[in-house]
Structures are given as C-alpha cells and as structure tokens.
Amino acid sequence: MQIQNENGRFFVANDGKVLAEITYSLDKETGELVIDHTRVSEELRGQGTGQELVRAVVDKARNENLKIVPVCSYAAHQFEKHPEYKDVLSGNTGGRA
C-alpha cells in the first residue's frame, strides 16, 4: 500500500481509482490541521488503511510543528485509541460547524 499526498489529503489509489483518503485543512486562525473526513473503500476495510492515513497526518503535524483538530469521528477515535498521538492533539476539539 502506497500512501500518496497532495494538497489537503493523503490517499491510496490503484489504477487511478481512490480507494481510501483522509482530508484535512489548515485553519488560518489557529494554525492547526483540521481532519474533516476519512473514507476507506470496502476492499481495503479491516486492513489498517484508515489508521495509516491518520498516522500520515500525525507525521505531517509533527514534521511541521502543528496541532491537529480531529473533527472526523474516525480520526477522533484513532486519537483516543493511540495515546502516543497526544503530542499533536489540539485542545481545540469542539465548537466547529
């Protein structure tokens, strides 16, 4: 599985078809990465692909000294499940529309 990166997302594709993706944006006011969506296709479910995508955003945040706001419920669950991600977890987890 090869995770690719382009502006605002990490994704896994095969034969030009996106099989999994996580999208994020930079909140210009807070300077934090906001994870707003994670999707994994049926064919990749249960293989840890979603976890790998969250880890890719965590690595990006660490490399760029940013915090993450996991708005997406899957990403939020991964932050609960992986206490080692707390170093990049923002205290600003609520109040977003």
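**Exercise 1.** Find which residue just after H1 takes a positive phi.

*Solution.* Start with the labels: helices (H or I, at least four residues) and strands (E, at least two) are DSSP runs, numbered from the N terminus. Now step past the end of H1, and you land on Asn-65, with a positive phi of about 55°. Keep in mind that this is a predicted model, where local features need pLDDT of at least 70, side-chain atom pairs count only at pLDDT 80 or more, and totals for chains, interfaces and linings use all residues. Residues are numbered from 1 along each chain as its sequence is written, and side-chain values use heavy atoms, leaving out hydrogens and water.

**Exercise 2.** Work out what span H1 should have, and check it against its end C-alpha atoms.

*Solution.* H1 covers residues 49-63, which makes 15 residues. The expected span is 1.5 Å times one less than the number of residues. That gives 21 Å, and the end C-alpha atoms sit 21 Å apart, so the two agree.

**Exercise 3.** Trace how E4 pairs with E3 and with E5, and how the chain gets from E4 to E5.

*Solution.* Strands pair if DSSP finds at least two bridges between them. E3 and E4 run antiparallel, joined by eight bridges, and Thr-23 faces His-37 in E4. Their hairpin has four residues between the strands, and there Gly-31 takes a positive phi near 75°. On to E5: three bridges join E4 to this strand, and the two run parallel. Leu-33 stands opposite Ile-68 in E5. To get across, the chain goes from E4 through H1 to E5, a right-handed β-α-β crossover (with the strands pointing away from the viewer, the path from the first strand over the helix to the second runs clockwise).
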